[in-house]
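Hi,

Here is the structure I promised to pass on. My notes follow below it.

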Amino acid sequence: MDLFDHAMEQDMSTEAPLAVRMRPRTLDEIVGQDHIIGPGRLLRRAIEADHLMTSIILYGPPGSGKTTLAQVIAHHTKAHFERISAVLAGVADLRRVIEEATERRKLYRRRTILFIDEVHRWNKAQQDALLPHVESGLITLIGATTQNPYFDVIPALVSRSRIFELRPLSEADLEQVLERALHDPERGYGRRKVLIDPEARALWLRTAGGDARNLLNALELAVETTPPDANGVIHITREIAEEAIQQRAIHYGREGDAHYDTISAFIKSVRGSDPDAALYWLATMITAGEDPRFILRRLLILAGEDIGLADPHGLLVAAAAAYAFEYVGMPEGIYPIVEATLYLATAPKSNTATTFFEVQRLVQEEGPGPVPRHLMDSSRDAKGFGHGEGYQYPHAFPGHFIPQQYLPDRLVGRIFYQPSDQGYEAEIAARLARWRAAQATADKSQLLPTDADDQDCAPDSPRRE
């Protein structure tokens, strides 16, 4: 580094954004993430002992401290630390790093730690090019990603790395970050008189979304654009705070974790009969630009799976909402989606429709049973084989019901569907109990058809299957 490079570096360190200047330099300065770098934790012990021999992947939302933790490791280690961004670097950059790491190991027996920011941005071929050098131990990888590494990093790299999940900072953590920036005289605003109203402070902590960078950017914009009063005090009111904090960019991609986690929270809230939570997650998805048709498809599935016959209108409401949305579109199309969400969230619940899968497994395991002769199609082989002979037409009997066998012989008496006691299904349960009791108490000769009591159709009516 020459004098010009040094001077440029000095200028950048003082002119850098507040979030960069306030970036922690030691483990003790890092706020939050005690579950992975708290006292006595494995990763902290490895960093303090400069014994990070295993590659690691840091996974978490923006502003949670992935890059900060990597830089702290760089300050603690005696190994050579190299940093590249997967957004800008390619295989050629990786090849250079590998060549230099090889020479460094040969000449100085010095390890190389390679930090790859946004490692999920590399395609499979690029990640494959890194794999043998991680496997051989030439490179100790620190990968940072906002996407689930189990889906966006190749399995071979994942299996050779320890994955540490960083969580969004709590409001208490953000409060500590804010206080540190206000009182640090070298990197923050400790040499200025900054007064932040409680309402402004609360607004920032609430809307920062667990992102320290977002909070510090708001503080910097507010301080740098608010002139001091006669006493030299920079007074940050709620109005100024609202202008300074950017609208939170929702971390949400249609193929990422946030997409699946949010729709999961939405469906579970509707299933759990919590309309308030359901509306919250619905608003989150709509605000983030989720396709409303995707939401409607999930509501249609939920209506059948989780509402079922406890309220048969649930499926009708969901289907009507899907139709109405196609007819109206956005933004007014949000109303039928909201109506369907609230209806299903407040409807009685039953998942008895899932009984189908139990029956399906039975058929797959045992094979389909033979159709009883009296249930067979009588329109083709009634004369030659007696198909349909003995079938008793229920409408020809009082109450439109007559006990007779409908299951294959080996399954007679087997019960699959157990109605719940919720909503309309409670009525079904009472009615079905009467029918099943009649089936159970009927003499076997009554259940099995005979030539004498063929009731295939009602008197003077055409044959019915």
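First, a term: a polar contact here is a pair of N or O atoms within 3.5 Å; within protein, one must be able to donate a hydrogen and the other to accept it, and residues adjacent in sequence count only if both atoms are side-chain atoms. The model is predicted, so local features need pLDDT of at least 70 and side-chain atom pairs pLDDT 80 or more, while totals for chains, interfaces and linings use all residues. Numbering runs from 1 along each chain as its sequence is written, and side-chain values use heavy atoms, with hydrogens and water left out.

Now Arg 111, which sits in the loop between α6 (91-108) and β3 (112-117) (helices are DSSP runs of H or I, at least four residues, and strands runs of E, at least two, numbered from the N terminus). Its side chain reaches the backbone oxygen of Leu 52 at 3.3 Å. Leaving out residues up to four places away in sequence, Arg 111 touches Asp 50, Met 53, Thr 77 and His 80, among others (contact means heavy atoms within 4.5 Å). Arg 111 has a relative accessible area of 17%, so it counts as buried (under 20%; exposed is over 50%, partly exposed in between, with a 1.4 Å probe and protein chains only).

Tyr 327 is another story: it belongs to helix α17 (residues 313-328) and is exposed because its relative accessibility is 68%.

As for the whole chain, there are 22 helices and seven strands. Buried residues make up 43% of its 465 residues. Of the contacts with a separation of 6 or more, 72% are between residues 24 or more positions apart.

Cheers
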